[in-house]
Amino acid sequence: MTTLKLVFISLLLLSVASHASLALRTQLHSLSESSNSNNYLTTQELWFNQTLDHFSPFDHHKFPQRYYEFLDYFRIPDGPIFLEICGESSCNGIVNDYISVLAKKFGAAVVSLEHRYYGRSLPFESTTTENLRYLSSKQALFDLAVFRQYYQESLNLKLNRTSVENPWFVFGGSYAGALSAWFRLKFPHLTCGSLASSAVVLAIQNFTEFDQQIGDSAGAECKAALQETTKLVEERLASNKQAVKTLFDAAELEIDGDFLYFLADAAVIAFQYGNPDRVCSTLVKAKNSGDDLVEAYAKYVKDYYLGTFGSSVQTYNQKYLKDTSLNKHTGDRLWWFQVCTEVAYFQVAPSNDSIRSSKVDTRYHLDLCKNVFGEDIYPEVDATNIYYGGTDISGSKIVFANGSQDPWRHASKQTSSPDMPSFLISCHNCGHCTDMRGCPQTPLSLEGNARNCSSPEAVEKVRHQIIEKMDLWLSECHADSWSSM
């Protein structure tokens, strides 16, 4: 390691100490990552003061926002800076996914900013609907812009230079993937390009394509077994609802819609995150053997969805979602607020050939929003799509990537345009953010290893196309930046 890099890192370690006094919040834990230190490039927290309301000329309140940086691969002084956006959960470090491979290849520093309100980046001590008024994608984008400027200036200060801009590239997956695309759209002068992995850029009130994709991904035999299971559960709910809810360890879900939504999600997760055989092999085997499908599905839900995957029944309980205190599951209420105000993504039963119960409809979701947050809360999807463009986004230098089995891809941009290529990774277990996570997408495959994908070649082909675009856009940006010095 060069002497300059040693000095640079020592200065950054000093900055950690100077910001440590800001970390006075209760730590919230994410279910999405295990505590295994190998899963992260770094978990060392850094802090800076973020503006609470970017749209008010009078409100100058600040709140402490958490971020991370990883500098082992950084090519001083002119290497690129990769900004990895954290999404709708606690951000406990920089995950060791495929971005680490890209950082090593491009000699990049990696920085990651926690989304406002989530994890430890808390503007308020409770999550009342009134306190959530600053939780929006628009505020989050300005957070990223302010942080980007702050970090570039702090980097220049440490390297004893002024008015120099390193090439920046932005990354995100899922909702954070949408933020990545929207950041390039709204702040094109602050980034050379963006990777929008499984980016849900289209706000949708009635997202029936979601379940249609689950049916396609499942195949005819598994789909039929899932549909029969749903029908049998509905029949048991009508005759003895407490017994069937108890069978799934979900007796606390007093609202039938909450319970049926929970059961639908339990199947969805297997396809979304690259483990389709976990649910399909269980149900198809039970059906072919004449076993009780509901009992077979209950065993899968308890063993995999609540066990291995680590989900919580409480996530679906509207009584719990109304809790405004801070706890380790606060992120559930926060994300529902964003869903209920901006993007919806209501996963509702299609009018025919549905897998989930028809009782999980638009009215169920709208009633949930009203019950949890108040009378005047509803998703303004038209306003969101007008503001960002939906799948007709008019940005440039944005790569969109999706997995063929991912139901969320129908809210992403799936058609390529000259300056916004869209790539589809096709394989049996290619789901949500496969380009960044490999297969399965959870639990984490270190460095996004693709060897467990049913077609590693399909993943590597898209990754090569992504690298080509990054190489071109970073070189163009680098030439522009350094020629102006």
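Is Y117 buried or exposed? Y117 is buried, at a relative accessible area of 3%, where buried means under 20% relative accessible area, exposed means over 50%, and partly exposed is in between (1.4 Å probe, protein chains only). The backbone here deserves a look too: phi of Y117 is near 80 degrees, a positive value in a residue other than glycine. You'll find Y117 in the loop between strand 6 (109-113) and helix 3 (137-158).

A bit of housekeeping before going on. This is a predicted model, in which local features need pLDDT of at least 70 and side-chain atom pairs count only at pLDDT 80 or more, while totals for chains, interfaces and linings use all residues. Residues are numbered from 1 along each chain as its sequence is written, and side-chain values use heavy atoms, with hydrogens and water left out.

Now zoom out. The chain has 15 helices and 10 strands; these are DSSP runs numbered from the N terminus, with helices being H or I of at least four residues and strands E of at least two. Its radius of gyration is 23 Å, close to the 23 Å that the globule rule gives for 485 residues, so the chain is as compact as a globular protein of that length. That radius is taken over C-alpha atoms, and the rule is 2.2 Å times the number of residues to the power 0.38. Along the principal axes, the C-alpha trace spans about 75 × 50 × 40 Å. Buried residues account for 60% of the 485. As for contacts (heavy atoms within 4.5 Å), of those between residues at least 6 apart in sequence, 73% join residues at least 24 apart.

On to the inside. In soluble globular proteins, nonpolar side chains tend to be buried together. A nonpolar core here is a set of buried Ala, Val, Leu, Ile, Met, Phe, Trp, Tyr and Cys residues joined through side-chain atoms within 4.5 Å. The largest such core holds 115 residues, and L226, F248, F259, F262, V279, Y297 and F400 touch the most other members. Helix 7 (residues 256-272) gives the most to this core, with 11 residues. A second, separate core of 36 residues includes L41, Y98, C430 and C439.

Take L226 from the largest core. Leaving aside neighbours within four places in sequence, L226 is in contact with A218, A267, F271, V279, L283, Y297 and I355. Just after helix 5, G219 takes a positive phi of about 85 degrees.

Beyond four places in sequence, A250 is in contact with K245, F259, F262 and V313. A250 and V313 are 63 residues apart in sequence, yet 6.2 Å apart in space, C-alpha to C-alpha.

Finally, some backbone details to check. A cis peptide bond joins I76 and P77, with omega about 5 degrees, and P77 sits in the loop between strand 3 (62-70) and strand 4 (81-85). The bond from C439 to P440 is also cis, omega near -15 degrees; P440 lies in the loop between helix 14 (434-437) and helix 15 (456-483).
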